[in-house]
Amino acid sequence: MCLLVVLSYFYPRYMFWFQLSMTIDIVCHWMHLHSSTMKGSSSHKAIDLSGNPVLRLYYTSRPVLFVMCAGNELFYAMLYLLHFTSGPTILFIGLWKLICILCAPISLAKTAISLIHLYAASENIVAIDVAERRAAKAE
């Protein structure tokens, strides 16, 4: 999160996008944690395996989780390094720039997964709310 604030300072033209990335991360994780707590889950990583296939893959495959998290962090770290230098040149392109370009789709995919978290968490909260309202009416 702090890295995104620094990147906002380094690249003021893209400040909105860095702020949006922070907002998406906070909101989506908070909603996912909140819905997990409301459902009584022992962990926010304990997901319903019959639920969303993307989240199921994300949480049950350690290689997928590692690639997504590492790729996302590498993307932002390379943007930081690119502020100072493009890195050693490999095949006519700076290494930091090459890594940044390769990790950009991973970072976008991780943002999409966060939005899927938000959608799934919202559906869970709605289902819990509807069930509680029905139970209250039945009394």
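Guide: Gladly, and let us begin with a serine. Apart from neighbours within four places in sequence, Ser8 touches Met15, Phe18 and Met22. Keep in mind that this is a predicted model.

Visitor: Where does Ser8 lie, and is Ser8 buried or exposed?

Guide: Ser8 belongs to helix H1, which covers residues 2-10. Buried means under 20% relative accessible area, and Ser8 has 5%, so Ser8 is buried.

Visitor: How do I read the packing of H1 and H2, and at what angle do they pack?

Guide: Take the angle between the N-to-C directions of the two axes. H1 and H2 pack at about 170 degrees, and their axes are 8 Å apart. An angle over 145 degrees counts as roughly antiparallel, and H1 and H2 are therefore roughly antiparallel to each other.

Visitor: Which residues in H1 meet residues in H2?

Guide: From H1 come Leu4, Val5, Leu7 and Ser8, and they meet Met15, Phe18, Ser21 and Met22 in H2. Sorted by class, this contact has six nonpolar residues, two polar and no charged ones.

Visitor: Ser35 is another serine; in which helix is Ser35 found, and what is Ser35 in contact with?

Guide: Ser35 sits in helix H2, residues 15-39. Setting aside neighbours within four places in sequence, Ser35 has contacts with Ala121, Asn124, Ile125 and Ile128. With a relative accessible area of 1%, Ser35 is buried.

Visitor: Now the rings, please. How many aromatic pairs does the structure hold?

Guide: There are eight aromatic pairs. One of them joins Tyr11 and Phe18, with 6.5 Å from centre to centre and 45 degrees between the planes, and it is tilted. Phe18 is a residue we have already met in the contact of H1 with H2, and Phe18 is buried, at 7% relative accessible area.

Visitor: Why is the pair of Phe16 and Trp17 edge-to-face?

Guide: Look at the angle between the planes: over 60 degrees counts as edge-to-face. For Phe16 and Trp17 the planes are at 80 degrees and the ring centres 5.0 Å apart, so the pair is edge-to-face. Both residues of this pair, Phe16 and Trp17, are exposed.

Visitor: Which residues do ring pairs link into a cluster?

Guide: That cluster is made up of Tyr9, Phe10, Tyr80 and Phe84.

Visitor: Let us finish with the cysteines. To what number does the count of disulfides come?

Guide: The general idea is to check the distance between cysteine sulfur atoms, which have to be within 2.5 Å for a disulfide. By this rule the number here is zero.

Visitor: Are Cys2 and Cys28 buried or exposed?

Guide: Cys2 counts as exposed, at 63% relative accessibility, whereas Cys28 is buried, with a relative accessible area of 1%.

Notes:
Residues numbered from 1 in each chain as written. Predicted model: local features only at pLDDT ≥ 70, side-chain atom pairs only at ≥ 80, totals over all residues. Heavy atoms only, no water. Buried < 20%, exposed > 50% of the residue type's maximum accessible area, 1.4 Å probe, protein only. Helix = DSSP H or I, 4+ residues; strand = E, 2+ residues; numbered from the N terminus. Contact = heavy atoms within 4.5 Å. Axes fitted to C-alpha atoms, helices over the stretch in contact; angles between N-to-C directions. Parallel < 35°, antiparallel > 145°, perpendicular 65-115°, else oblique. Nonpolar A, V, L, I, M, F, W, Y, C, P; charged D, E, K, R; others polar. Phe/Tyr/Trp six-rings, centres within 6.5 Å; stacked < 30°, edge-to-face > 60°.
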